[in-house]
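Dear colleague,

Please find below the structure I promised to pass on to you.

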Amino acid sequence: MATSGRMLTCSLLRFHERDGQFIRYTVATDWCTAKAEQKPQQTGAKICRFFSFGHVANWSLNFNALKSSVKPYSHGRKWHCLGEHAMHDSPADDMQGAVAQLLQELGVSKEDAVGISSKAPVYIRELVDAVHELDDAHLWSSWQGESGGSAIEHDTFRNKILQIARTKRDMGIFPFLESIGVNPLSTRHISRYLSAEPLTCLIQKIDFFKELFSPANFEGRNISYMVRRMMMQLSVSADDNLQQSLSFFEKMEAKRGGLTVLDSGDGILARLIESFPKILLQSMDKNLKPAVDFLESTGVPKGCVGMVLLCFPPAILYDIGADIQPRIRTLKKAGICSKDVGKMLLRYPWLLSKCIVDNVDNITVYFAAEKQVPKKNVVRGITRCPQLLGYSPDKLKLVLNQINSLGIESKTLARITAFSPQLLLRRSQDFIKVVSFMEDLGLNTKTMGKILDRCPEIYASNVEFTLRRKVEFLVELGIHDLRLQRVLQKYPEFLVMDVDRTLKPRIEYLEHAGFSKENVAFMISGFPPLLGYSVEEVFRPKIEYLVNDMGKSIKEAVTYPRYFSYSLEKKIKPRFRILQNRKIQVDLKTMLSKGDDEFAEDFLGVSRMLVPLTNDF
């Protein structure tokens, strides 16, 4: 059979999520083949294959419109015969315009209505499909709408879309939720749940939450890290509200982006609504705004309230008088100062959970009864590290037993609890790793106990990334074996210093000032606290005075590195001027190591110094 070469040009629409708009695509296919063989499905298949090959998704086309080349209005679908072509007359503007008109009828501003309709492709696709079904099945006459079926059957495509949208009776909530990123599968259920809430009020609440949860307000805090840490350190039995939070974060971690979306804010509001739709039922004036004001009154910085609520979403649903205030009173009753509550909430938002607050008495009683730690020390530790309240006494016991194995007395444990409570949050296996590391360096249990007493932070550090790197730094400098053990015993604090920003610059300055690498190693071995001295406040002024004013060689500081520990203004300068006036030459050790009375007897001829030496002496 001869063919005429006629082509069918079809217009299809695809929604681009990135641009937030519909894009029209046009494809031409051989029409006469389908007509001659009476297999219009093949024509549709050709178009389908074309768009599948081009990776085009979310397009809508009813191929029943291809069943006849004679009737331009076949099956109620309007196809205009334009010479050798046919073109569909339902552009994106008509679809979006119809939805925008519906939203404006519901009281939404024109700007918001246009924005919502441009980001609701699933909702629009449902409307389009409904119109197509009524067109194809000639059911408009039996359709009951505001304008009546017979009146709308030959109406414009836009008006048909509008009429269908009006009958859905979702009050515009479905397209609105879809426009802010809520999963369409959840949107349908949540829309019914919120059907009694005016759309304009929902828009107002969403704007409120967007501002509240904006990452720009969180002062650069790493929320995802804080949430992960709270989840890992929790050992008390979670109540319903805390369990909901855990479930929320676990689901989020399993999705693309994980918990890092908490830091970026991408889609976080949509996920929050999917898990806690009731937050949109909260009254702005009676619940949401008063809750924010109350948390700010406790000391939570303005702008950071959203971070606290984001870390514990059920608190958004709390009643201030029935839920939040009683928990704050429990903390104060335990001895927490009012001025510290806000800081604690910022560090540990789960304090708003009842099961966490109720653990205060369990922790204080356990420390007092089992470890003889005074309540005031426990309260101070909780204030510094409120995460302690997420630990059960049984979990704390594991770490405390490890600490006791180093010969730590109750007095020392009380000090650790008050000033280094983060050590108590360590997993017992991590604590054991630090102990094993110390043993490998040749330190005995007694020495390790003294180090723990002096600098507990060391036992809360990572072995590979922190402790080992500091030790390797000293070994490269030439300090090892017994000399290294001496440094660890005399000045363990260097293990928690930053190598690149603190230790290296100090060593490099000493070498630049004229000390050899061997000199520096010898000085540190003889006087380990040298590692803790500042270049600008200690090394530079004292080296300059030693060389320029005293006229001595820097090598004298090598033999007596303790020189850097004395006050330049209160001891070094006054004593040097006394000796200079009497034309007495002595080494640094003789000049500085003596007490004031001994110095006066040896160099001033008096047995007792009645007035301390000063620059004016």
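**Findings**

At 7% relative accessibility, Cys 385 counts as buried. Cys 355 is buried as well, and its relative accessible area is 15%. Both values count as buried because the cut-off is under 20% relative accessible area. As for disulfides, the count in this structure comes to zero.

**The model and its confidence**

Please bear in mind that this is a predicted model. The average pLDDT of the protein chain is 82, and 82% of the residues score at least 70. Confidence is highest in helix α29 (residues 517-526), at 95, and lowest in strand β3 (residues 79-82), where the mean is 32. Over residues 1-90 the pLDDT is below 50, although this stretch has 160 contacts in the model beyond near neighbours in sequence. Where pLDDT is low, the predicted coordinates should not be read in detail.

**The chain as a whole**

The protein chain holds 34 helices and four strands. Of its 617 residues, 48% are buried.

**Helix α23 and what covers it**

In helix α23 (residues 410-419), the buried residues are Thr 412, Leu 413, Ala 414, Ile 416, Thr 417 and Ala 418. The cover over the buried residues of α23 includes α20, α21, α22 and α25 (445-454).

Thr 364 has its place in α20, which spans residues 359-371. Thr 364 counts as buried because its relative accessibility is 8%. Leaving aside residues up to four places away in sequence, Thr 364 touches Lys 375 and Val 378.

Where does Gln 387 lie? Its place is the loop between α21 (375-384) and α22 (393-404). With a relative accessibility of 5%, Gln 387 counts as buried. Beyond residues up to four places away in sequence, Gln 387 touches Arg 229, Gln 233, Arg 347, Tyr 348 and Leu 425.

Some of these names return in the description of the largest pocket. Among the residues nearest the centre of that pocket are Arg 229, Gln 233 and Leu 425, together with Tyr 225 and Gln 422. In total, 17 residues line the largest pocket, and its volume is about 540 Å³. Helix α11 (residues 223-233) gives the largest share of this lining, five residues. By class, the lining of the largest pocket consists of six nonpolar, three polar and eight charged residues.

**The second largest pocket**

The second largest pocket contains about 430 Å³ of space. Its lining is made up of 20 residues, and those closest to its centre are Ser 179, Ile 180, Ile 206, Lys 210 and Leu 269. Four helices, α4 (110-117), α8 (173-179), α10 (199-212) and α14 (268-275), each supply at least two residues of this lining. The largest share, five residues, comes from α10. Sorted by class, the lining of the second largest pocket has 11 nonpolar, five polar and four charged residues.

Rolling a probe the size of a water molecule over the atoms shows where empty space is left.

**Two pairs of residues**

- Ala 291 belongs to helix α15 (residues 284-297). Ala 291 is buried, with a relative accessible area of 8%. In sequence, Ala 291 and Leu 317 are 26 residues apart, and in space their C-alpha atoms are 9.4 Å apart.
- Ser 141 is found in the loop between α5 (121-136) and α6 (149-152). Is Ser 141 buried or exposed? Ser 141 counts as exposed, because its relative accessibility is 54% and the cut-off for exposed is over 50%. The C-alpha atoms of Ser 141 and Glu 153 are separated by 7.1 Å, and these residues are 12 apart along the chain.

With kind regards

Note on methods: Residues numbered from 1 in each chain as written. Predicted model: local features only at pLDDT ≥ 70, side-chain atom pairs only at ≥ 80, totals over all residues. Heavy atoms only, no water. Buried < 20%, exposed > 50% of the residue type's maximum accessible area, 1.4 Å probe, protein only. Contact = heavy atoms within 4.5 Å. 1 Å grid on protein atoms, 1.4 Å probe; cavity = no way out; pocket = protein on both sides within 12 Å on 5 of 7 lines; lining within 4 Å. Points joined across faces, edges and corners; volume = space filled by probe spheres on them. Nonpolar A, V, L, I, M, F, W, Y, C, P; charged D, E, K, R; others polar. pLDDT = per-residue confidence, 0-100. Disulfide = S-S within 2.5 Å.
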